[in-house]
Amino acid sequence: MNDKLTQLCKEIEKFQTENLEELDRFRLKFLGKKGELTTLFDDIRSIPAEERKTFGQNVNHLKNLVQEKIQQLKNAIEAKQTTTIEKIDTTCPANSIELGSRHPVSVVRKQIYDVFEKIGFVVADGPEIEDDWHLFNALNFPPEHPARDMQDTFFVEKDPDIALRTHTSSIQIRVMEKQKPPIRVICPGRTYRNEVITARSHCMFHQIEGLYIDKNVSFADMKQTLLHFAKEMFGTETNIRLRPSYFPFTEPSAEMDITCGICKGKGCNLCKNSGWVEILGCGMVDPNVLRNMNIDPNEYSGFAFGMGIERITQVLYKTKDIRLFFENDLRFLKQFQAI
Ligand code: PHE
């Protein structure tokens, strides 16, 4: 019996824990209803009378040992918990949660949507990886047109028929395939061209194309729509001018300039001292394109226009370097508020 007591004594002395649940298990093991010491107390009756006193004293000693141990470990655990709690300085100001803002391209795209949606245009979408038909053929590009050249277009390897879209004009084809006139859409999207990255050009940018097809749509309608857009976007005092140009899918074609908002025509860096800033390409949809889409050019006519969103943003917010739009520098991006 004494061996058992010595062994229990060692066990109690050796026991260590930092865990309250484990400590409770320890308590139950010794002092619980069926615990080691409780059974030993029950055994007292069966011990010969002359040994009973010493045995009783020994068991009592063990009981005290267990109780002391429990108290001591409990104190240690509680002390540790309070020190961890005290380490948190509740008077410290919380870390501020930084508010994000919309990317300038998204901000300006929304502004452009707002202008055109008010006059009945709806947004249409299309894929960024396009086939030759939607990018060039249906848009009346002659086979030898330089845009079809590897130098301008990113072709998807192995298949010369598939490329990253060079303009969002491919969406107008997709719309005309599905929908009969009247058509009034704006087609936003990311576009890719194989160009050297400089302050003025990038291999990736964003465009918005517009397409309007109905009976009796004239060049004057186009000019008026674009004048309305320029005034809404850049201020009511803004004026426009159209310069003859060439696009395979429009005839006649034009480039549109707006009066320079910075120098008001006096001449500055933005307008290269001309007083005019170029912002978009436009023209009357070429009858060949309408024919490709099974739309009768004798019955319907229309106009299209296309602009770079980065370009519009540059003119609107006077940013100088197109690379800023793709570098994710927060100092630049934070200047544009979510709208
Ligand atoms: N697709 C032309 C471009 O990428 C822009 C454009 C669109 C011109 C529609 C005329 C009509 O430059």
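This is a predicted model: local features need pLDDT of at least 70, side-chain atom pairs count only at pLDDT 80 or more; totals for chains, interfaces and linings use all residues.
**Note on the sheet, its helices and the ligand site**

1. Helix H7 (residues 169–178) lies across S4, S5 and S9, and runs at about 140 degrees to S4.

2. Residues are numbered from 1 along each chain as its sequence is written, and side-chain values use heavy atoms, with hydrogens and water left out.

3. The sheet itself is open and is formed by seven strands in the order S1-S4-S5-S9-S8-S7-S6, with mixed pairing; two strands pair if DSSP finds at least two bridges between them. At the edges stand strand S1 (122–123) and strand S6 (240–247), each of which pairs on one side only.

4. Strand S4 (residues 183–192) and S5 run antiparallel and are joined by ten bridges, and in this pairing Arg-190 stands opposite His-206 in S5. S6 and S7 are likewise antiparallel, with seven bridges between them, and a hairpin of two residues connects S6 to S7; here Ser-245 has Ser-253 of S7 as its bridge partner. S7 in turn pairs with S8 over eight bridges in the antiparallel sense, and Thr-250 has Val-285 in S8 as its bridge partner.

5. S7 is mostly covered, since seven of its ten residues are buried, a word that means under 20% relative accessible area, with exposed meaning over 50% and partly exposed in between (1.4 Å probe, protein chains only).

6. By the ring rule, rings of Phe, Tyr and Trp (its six-membered ring) pair if their centres lie within 6.5 Å, and planes under 30 degrees apart count as stacked, over 60 as edge-to-face and the rest as tilted. The count comes to 15 aromatic pairs. One of them is formed by Tyr-212 and Phe-303, an edge-to-face pair at 5.3 Å centre to centre with 90 degrees between the planes. This pair links distant parts of the chain, with Tyr-212 in strand S5 (residues 204–214) and Phe-303 in strand S9 (residues 301–308), 91 residues apart. Tyr-212 is buried at a relative accessible area of 18%, and Phe-303 is buried at 0%. Ring pairs also link Phe-116, Phe-121, Tyr-212, Phe-229, Phe-303 and Phe-305 into a cluster.

7. The ligand is surrounded by 13 residues, of which the closest are His-167, Ser-169, Arg-193, Gln-207 and Glu-209. A nitrogen atom of the ligand is 3.2 Å from an N or O atom in the side chain of His-167, and a polar side-chain atom of Ser-169 lies 2.9 Å from a nitrogen atom of the ligand. For Arg-193, an N or O atom of the side chain is 2.8 Å from an oxygen atom of the ligand.

8. Thr-166 is placed in the loop between strand S3 (162–164) and H7, and at 6% relative accessibility Thr-166 counts as buried. Leaving aside neighbours within four places in sequence, the residues in contact with Thr-166 (heavy atoms within 4.5 Å) include Asp-152, Tyr-192, Arg-193 and Phe-205.

Key:
Helices (H or I, at least four residues) and strands (E, at least two) are DSSP runs, numbered from the N terminus. Axes are lines fitted to C-alpha atoms, for helices over the stretch in contact, and angles run from 0 to 180 degrees between N-to-C directions. A residue is near a molecule or strand if one of its heavy atoms lies within 4 Å of it. A polar contact is a pair of N or O atoms within 3.5 Å; within protein, one must be able to donate a hydrogen and the other to accept it, and residues adjacent in sequence count only if both atoms are side-chain atoms.
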